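Let's take a walk through this structure together, from the whole chain down to single residues. Keep the sequence and the 3D view open side by side as you read.

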Amino acid sequence: MQNVIKTVVFILLVSLSIEAKENRFTTSVSLLGMSMDYREYDRSGKILDSEMSSFTEMLGVDIGMSFLMYQTSDASTKLQTNLITLSGNSDYVGSALGSNNTYGSLTSRTVNNIIDFDVKIIRTKILTQALEVNYLLGLGYHYWDRQLSVSQVEGYEWYSLRAGVGLGYQISQKFKIATDLEYQYGFKHTMTSSYPVLDVTLGSADIMKLSIPLRYTLNNKMDFIMSYIYEIQEIGASNVQTASYKGTYRPFYEPQSTAKNQYIKLGLDFKY
């Protein structure tokens, strides 16, 4: 995955050096705060454990680049890529592994590291002087490193097809607000665990994301951006795998889970 990211960034940087004089490029740099609400459930729907964090406990950056491929008086098409990295701690509530104790019998702090990367084509159609609609289609990659303890580290990974639609409204000459809805269909979804040693296939990975970005034009080369993002993840239960745990072999599986995460993003767009 690192090689894919390096290749995409290299292509965009080379194109930038060739086309910069035409002002077709935008580079964005934003700070992110994430409020996590993650929960796992058994097969009957009873909660097993949860992870919660505030906006200030999970922090990161969103770095993006876009290239204007095509433009007319009432439409445009651009290629855009974004790399998001987040890290921080969350509050774990659950029970000790293999204990059969009830939810809430164990609390601790989890160390999290999240990477999300995508490449997408965005088509914009101008409907009126103030209103526009956009459509997007792309590919993405997501990884969550969940360190429950020194010995128990879980890694959730999947690729995704991403599609979305949005509306943008020009409030004034400098202010613009939008509403964007995106669906992500996950594939090659897996979970690995360091203890017990597991490598299982998750049942599914479906994500819906609602974004409300606000843009303020500072000058013809720079915009200030602020966004609120609400995301729902639904992850299907994995297959069952036998693994060694405390000297005996036992069946394990990764339970179904949901996440209702919120993000606040503040940053700048630089136009070239």
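This is a predicted model: local features need pLDDT of at least 70, side-chain atom pairs count only at pLDDT 80 or more; totals for chains, interfaces and linings use all residues.

Residues are numbered from 1 along each chain as its sequence is written, and side-chain values use heavy atoms, with hydrogens and water left out.

Let's begin with the chain as a whole. Its secondary structure comes to 1 helix and 15 strands; helices (H or I, at least four residues) and strands (E, at least two) are DSSP runs numbered from the N terminus. The C-alpha trace spans about 70 × 35 × 30 Å along its principal axes. Of the 272 residues, 40% are buried, where buried means under 20% relative accessible area, exposed over 50%, and partly exposed in between (1.4 Å probe, protein chains only). Taking contacts (heavy atoms within 4.5 Å) with a separation of 6 or more, 65% are between residues 24 or more positions apart. The accessible surface comes to about 14,400 Å², and carbon and sulfur atoms hold 61% of that area; the areas come from the Shrake-Rupley method with a 1.4 Å probe, and for residues only the protein chains shown count as cover.

On a 1 Å grid over the protein atoms alone, a cavity is a set of points where a 1.4 Å probe fits but cannot get out, and a pocket is an open set with protein on both sides within 12 Å along at least five of seven lines; lining residues have an atom within 4 Å of a point. Grid points are joined across faces, edges and corners, and a volume is the space filled by probe spheres set on the points.

The second largest pocket has a volume of about 920 Å³. Its lining counts 35 residues, and Asp 49, Ser 95, Ala 96, Leu 97 and Gly 98 are the closest to the centre. At least two lining residues come from each of β3 (47-52), β6 (106-126), β8 (153-170), β9 (175-194) and β14 (248-252).

The structure also holds 1 cavity of 30 Å³ or more, with about 40 Å³ of space in the largest cavity. Around that space you will find Tyr 38, Trp 144, Tyr 156, Trp 158, Gln 233, Ile 235 and Ser 257, with β8 and β12 (222-235) giving two or more residues each.

Is Arg 162 buried or exposed? Arg 162 counts as buried because its relative accessibility is 2%. Its side chain makes a polar contact with the side chain of Asp 116 at 3.0 Å; such a contact is a pair of N or O atoms within 3.5 Å, and within protein one must be able to donate a hydrogen and the other to accept it, with residues adjacent in sequence counting only if both atoms are side-chain atoms. Beyond four places in sequence, the contacts of Arg 162 include Phe 117, Leu 136, Tyr 141 and Glu 182.

Finally, look at the backbone. Lys 188, in strand β9, has a positive phi near 50 degrees and is exposed at 59% relative accessible area. Lys 246 sits in the loop between β13 (241-245) and β14, with phi near 55 degrees. The peptide bond from Tyr 195 to Pro 196 is cis, with omega near -5 degrees, and Pro 196 lies in the loop between β9 and β10 (197-201).
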